[in-house]
Amino acid sequence: MSGVRVLVGTRKGAFILTSDGHRQKWDVSGPHFGGWEIYHMKGSPVDPNRIYASQSSSWFGQVIQRSSDGGKTWEPVGNQFAYEGDPGTHQWYDGTPHPWEFKRVWHLEPSLTDADEVYAGVEDAAIFRSRDGGQSWQELPGLRACQGPKWQPGAGGMCLHTILLDPQNPLRIFIAISAAGAFRTDDGGLTWRPINQGLRSEYIPDPNAEIGHCVHRIAFHPSRPDVLFMQKHWDVMRSDNAGDLWREVSGNLPSDFGFPIDVHAHEPETIYVVPIKSDSEHYPPEGKLRVYRSRTGGGEWEALTNGLPQQDCYVNVLRDAMAVDRCDPCGVYFGTTGGQVYASPDGGDTWSAIVRDLPAVTSVEVQTL
Amino acid sequence: MVRVILPLHLRTLARVDGEVEVAVEGAPTQRTILDALEARYPMLRGTIREHGTQQRRAFLRFFACNEDVSHQSPDEPLPSPVAAGVEPFMVVGAISGG
């Protein structure tokens, strides 16, 4: 292990932070693609120098960038995301039919086995795959066949924001959509099914509906992909059977509303969330920025505050803005809408801002090199 | 040759400084200019016109000889000074956002 590279997407460009294994001193490069919204960047597990970035703007639409040298140089690749066939309509906010329209790529998930294969989660919700390094993209339309006309956007849009590739079963993929819910394929993306049983959402007509839940993020430990953790609009949830059934593990959290959730690199039962006061007050309770850690897979939570602002703090942490490294001890990272990226080199015990005053952070990913 | 002026972000994306020139056969139109531009700079596909529909993106405008030609037919010939390379064809981003 030679170091750590943190890929930071912001509202006005991308930044790359690098450090050695001690993770005390950080070099910052950027902004890359200055002025553009970078919803997500992620490196290939097969070739860490292969990094994909989603670059977009209201003026110029979607661009996908690819680096083959760890983010030093970039080349634009394919940006055509065409739905298969006539995509028809989904439900609009008021329940009326609304045409399916591509808006942007929220999340890029490189394959676990092929640096040229990468998945894209897009708004309006769909999953695309490229097998030529991002030059061309093909939808996996079986997902939209899964009651797509009944899906409805969340406040941030109808985005497919989470893609989890099962390292033990190459045919299994988990995805999550706001505000349709979580879905799983067991045949490589041909067919999908909702995995929302056990979720309860009081803000929808049927709180126990098969679809319609506002899932904010799901995560697993690679050694145990059947154990899923979820931060929902409200509620932190857990499933021990690949999403077939969920149970609430919010426990003693000060608020069970939030966006990100992640799992410790070496302790599959250690998970992290960042509680936010409420759905209408997207900032930490009491103005105190606290990461909450559970060492019991949920239920019992402890506040992590050492090095984090404990007064007058009103930032948010977005759904893709938390990640862990694979160093020992495990490092934990998150970025805020206030432009700070905080890091803990000791599993959350102590924190410091490794960069501050960036544009609002949309995503954080970590590569352990 | 037709001169084309692009907004900053598209110049950066296409890795060009200042205005660019493209060769267009016959009387230039929005469509033939943009077709030639995208053929020379493929990374601009989808950033000025939508993929598939080829519709102008909503926050962009096209100007020629100080006239807003955005709502003209994409196949309508542009003024002769554009064809002669005297005046540029301009792609302009809306003043909005934050």
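A:D226 is partly exposed, with a relative accessible area of 37%. The model is predicted, so local features need pLDDT of at least 70 and side-chain atom pairs count only at pLDDT 80 or more, while totals for chains, interfaces and linings use all residues. Residues are numbered from 1 along each chain as its sequence is written, chains are lettered from A and ligands numbered from 1 in the order in which they are written, and side-chain values use heavy atoms, with hydrogens and water left out.

A:D226 takes part in a salt bridge with A:R172, where the closest N and O atoms are 3.2 Å apart. A salt bridge is a side-chain nitrogen of Lys or Arg within 4 Å of a carboxyl oxygen of Asp or Glu. A:R172 lies in the loop between β14 and β15 of chain A and A:D226 lies in strand β19 of chain A, so the pair ties together parts that are 54 residues apart in sequence. Strands (E, at least two residues) and helices (H or I, at least four residues) are DSSP runs, numbered from the N terminus. Side chains of opposite charge can pair when their charged atoms come close.

A:R172 also meets A:D186 in a salt bridge, at 2.6 Å from N to O. This pair links distant parts of the chain, 14 residues apart. A:D186 sits in the loop between β16 (181–185) and β17 (193–194) of chain A, and A:R172 in the loop between β14 (159–165) and β15 (173–178). A:R172 counts as buried at 14% relative accessibility. A:D186, at 34%, counts as partly exposed.

Another salt bridge joins the side chains of A:E286 and A:R290 (3.5 Å, N to O). A:E286 counts as exposed, at 56% relative accessibility. A:R290 is buried, with a relative accessible area of 11%. Shared partners join A:R172, A:R184, A:D186, A:R193, A:D226 and A:D244 into one network of salt bridges. Over all chains, the count comes to 36 salt bridges.

Strand pairing was examined next. Two strands pair if DSSP finds at least two bridges between them. Strands of a sheet pair through backbone hydrogen bonds, either parallel or antiparallel. In chain A, four strands form an open sheet in the order β18-β19-β20-β21, with antiparallel pairing. Its edge strands are β18 (215–221) and β21 (247–248), and each pairs on one side only. Six bridges connect β18(A) with strand β19 (residues 224–232) of chain A in the antiparallel sense. A:V215 stands opposite A:K232 in β19(A).

Strand β24 (residues 291–294) of chain A is covered on both faces. A:V291 and A:R293 are buried on one side, and A:Y292 and A:S294 are buried on the other. Strand β23 (residues 271–276) of chain A runs antiparallel to β24(A), and three bridges join them. A:R293 in β24(A) stands opposite A:Y272. Three bridges also join β24(A) to strand β25 (residues 302–304) of chain A, again antiparallel. Here the bridge partner of A:V291 is A:L304 in β25(A).

A loop residue of chain A was also examined. A:E117 lies in the loop between β10 (104–110) and β11 (118–123) of chain A. A:E117 is buried, with a relative accessible area of 13%. Contact means heavy atoms within 4.5 Å. Not counting residues up to four places away in sequence, A:E117 touches A:P110, A:S111, A:R129, A:S130 and A:R131.

The interface between the chains comes last. The contact takes 19 residues from chain B and 16 residues from chain A. About 1400 Å² is buried between the two chains, and carbon and sulfur atoms give 58% of this area. Buried area is the accessible area (1.4 Å probe) that two parts lose on being put together, summed over both. In chain B, the residues that lose the most area to chain A are B:H9, B:L13 and B:H51, together 35% of what that side buries.

Polar contacts do occur, in seven residue pairs (both at pLDDT 80 or more). A polar contact is a pair of N or O atoms within 3.5 Å; within protein, one must be able to donate a hydrogen and the other to accept it, and residues adjacent in sequence count only if both atoms are side-chain atoms. Helix α1 (residues 8–14) of chain B gives the most to the side of chain B that touches chain A, with three residues.

Definitions and conventions
Buried means under 20% relative accessible area, exposed over 50%, partly exposed in between (1.4 Å probe, protein chains only).
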